[in-house]
Amino acid sequence: MRRFFILTRALVLTTLREPAVLFWNLAFPVLLLVLYVLIFGEQARAGRAGFVQWIVPGVVTLNILSFGLIGSTSLTMQMREAGVLRRVRATPVSISTLFAVFVATNVLVCIAQTALVLAFAALAFGWRAELDRLVLSLPLMLLAITLSVALGQLVSSLSPRFALALAIAQVLFFLQLFTTGLVMPMDLLPAWLGEVGRWLPAYAIGDLVRWPLLEGSLGAEAARNLGLAFAYLLASGALAVRFFRWESRG
Amino acid sequence: MSEAPAAIVVRDLWASYNRGRIEALRGVSLTVAAGEIFGLLGPNGAGKTTLLSCVEGLHVPDRGEVSVLGVDVLRHPNAVKRKLGAQLQRTALISNLTALELLEAYAALYDCYPSRQTLMALLERFDLVALAHRRAGQLSGGQQQRLALALALVNDPQIVLLDEPTASLDPQARRAVWALIRQLRDEGRTVVIATHMLDEAEQLCQRVGVINKGRVVACGSPAALIAAAQLAAELRVAVDLPLALLRALPAVSSAEMRDGYALIRSTQPEQTLQALYTLARSHNASVRSIAVRHPTLEEAYLRLMSESAETSAKEA
């Protein structure tokens with residue numbers, strides 16, 4: 001465990017010392033929230049306060065998904081492309097330990113990002129969540145973040161190059177954005193596409209994050225979503241470790 | 001005198017890239033004795049880095065055997081990695097971490113948790129104490145190279161593998177690294193250096209394995225390799241004797257006048273010199289000055305490379 005903590009601390013430090021990472025992962029989600037509220041807040045039927053209550057869980061969900069799929073691949077891919085992972089391979093550390101360190105680092109950064117968005121929403125726009133809703137949300141948000149990061153690590157493992165990893169991650173992100181009800185109602189989709197969307201990880205992530213914050217409950221499909229989330233988490237984790245790449249190709 | 005036990009044994013090692021399309025090693029066999037500085041010498045692309053990668057467990061060979069201190073690398077890679085310290089050809093450091101943080105993290109990769117005092121002592125050894133809290137990305141090329149060497153020692157390894165350890169260093173820094181490498185040997189560690197710098201190999205290594213096109217073309221001490229190449233020493237002599245007489249001296253391959261001196265090439269310089277003094281006395285001539293330049297490892301290496309190219313051409 002000591003090894004795990006030292007390595008995770010080192011990677012968290014290196015992440016937090018990267019200005020681009022700080023901007024995209026900590027400042028940008030807050031800016032996104034500000035833009036949403038300023039542009040759409042006043043026009044909303046529920047008024048600005050109602051809009052804020054409704055939009056904050058959505059922004060958090062989008063951030064979790066985009067950070068996990070796109071943001072979390074950067075650290076692994078950059079270390080691989082710089083040859084750092086090749087050097088690490090000359091040590092006796094196991095792939096599973098390294099994978100756990102990468103996941104833990106990204107989960108911690110994503111937790112910080114989520115906490116920052118929620119704190120900013122509360123302080124700047126008066127977003128409120130009852131304590132029982134927050135308590136219910138926390139473990140589910142943690143599950144959603146871990147799943148999203150594990151998916152990003154799977155993309156890293158399967159991609160021989162950084163550029164390809166980013167392309168794959170973005171395709172997966174936008175594909176799920178429009179097919180799982182995150183940015184447009186699923187009723188507008190063809191029935192078969194809607195059915196496919198319900199089996200994608202982003203559907204489970206969206207429901208697990210939004211329901212507790214919006215409604216204070218797990219939602220009608222809680223068991224199904226939890227099962228889906230755990231299944232995707234285990235599968236993506238196992239595959240990411242199995243196909244882990246120490247070096248870039250080409 | 002008993003032979004030193006083997007630190008690394010490589011037997012009939014074949015390795016390739018691109019699913020066998022590029023052959024990097026073709027039946028390499030060699031032994032590195034415990035406690036010696038062994039040099040892998042060869043041109044770029046000869047297979048030096050691939051050979052080190054196979055020993056480090058970074059590249060899986062197609063066939064053959066590699067063992068480190070009696071442990072099979074293919075069967076027990078992690079046990080071997082614990083005994084090795086590695087500095088790869090490309091210095092790849094996490095640029096946002098400080099020198100001290102990097103040492104701590106790399107030690108943890110080996111499941112080692114040295115005290116801060118021990119880590120500072122390691123930095124001290126590489127003249128990096130003043131830079132302990134500076135990020136790796138802010139260090140100069142030479143400082144990064146020294147830090148990479150410090151990282152290779154963080155697990156207190158018995159064997160240290162260094163791939164071009166002085167590349168990109170200025171002459172002063174090179175000599176400082178050489179001194180550190182000698183220190184490692186004096187501490188009883190085995191050091192393997194891959195280099196294409198002949199002076200480095202000649203200055204540092206007890207034995208050298210010359211690799212070309214994936215094959216070991218020669219192996220032995222620098223002196224033995226020079227002797228085996230049967231190269232002539234150059235005697236620069238100020239003496240008033242006709243060239244014909246000088247050419248007739250034993251072991252002389254050629255003699256000519258250059259800048260007022262006789263330039264004599266001899267495969268047995270001591271024998272030639274004795275005969276030269278005798279000849280001068282018998283002709284009442286005096287030998288006013290003598291300078292002997294022995295053949296270098298570089299000349300022996302060039303001879304080996306040209307012989308290796310001829311052999312390859314014949315095989316083709």
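## Basis of the model

This is a predicted model, in which local features need pLDDT of at least 70 and side-chain atom pairs count only at pLDDT 80 or more, while totals for chains, interfaces and linings use all residues. Residues are numbered from 1 along each chain as its sequence is written, chains are lettered from A and ligands numbered from 1 in the order in which they are written, and side-chain values use heavy atoms, with hydrogens and water left out.

## Where chain B meets chain A

The contact (heavy atoms within 4.5 Å) involves 27 residues from chain B and 24 residues from chain A. About 2,600 Å² is buried between the two chains, 56% of it on carbon and sulfur atoms; buried area is the accessible area (1.4 Å probe) that two parts lose on being put together, summed over both. On the chain B side, Leu58(B), Leu109(B) and Tyr113(B) lose the most area to chain A, together 25% of what that side buries.

Two salt bridges cross this interface, a salt bridge being a side-chain nitrogen of Lys or Arg within 4 Å of a carboxyl oxygen of Asp or Glu. Glu104(B) forms a salt bridge with Arg9(A), with the closest N and O atoms 3.6 Å apart.

## An enclosed strand in chain B

Strand 8 (residues 190-195) of chain B is largely enclosed by the rest of the structure, because six of its six residues are buried, that is, under 20% relative accessible area with a 1.4 Å probe, counting protein chains only. Strands here are DSSP runs (E, at least two residues), numbered from the N terminus. Thr190(B), Val192(B) and Ala194(B) point one way from strand 8 of chain B, whereas Val191(B), Ile193(B) and Thr195(B) point the other way. In a regular strand the side chains alternate between the two faces of the sheet.

Strand 8 of chain B pairs in the parallel sense with strand 3 (residues 37-41) of chain B over five bridges, where pairing requires that DSSP finds at least two bridges between the strands. Five bridges also join strand 7 (residues 159-163) of chain B to strand 8 of chain B, and these run parallel.

## Salt bridges within chain B

Glu65(B) and Arg11(B) meet in a salt bridge (3.2 Å, N to O), which links strand 4 (residues 63-68) of chain B with strand 1 (residues 6-17) of chain B, the two residues being 54 residues apart.

Note on methods
Buried < 20%, exposed > 50% of the residue type's maximum accessible area, 1.4 Å probe, protein only. Helix = DSSP H or I, 4+ residues; strand = E, 2+ residues; numbered from the N terminus.
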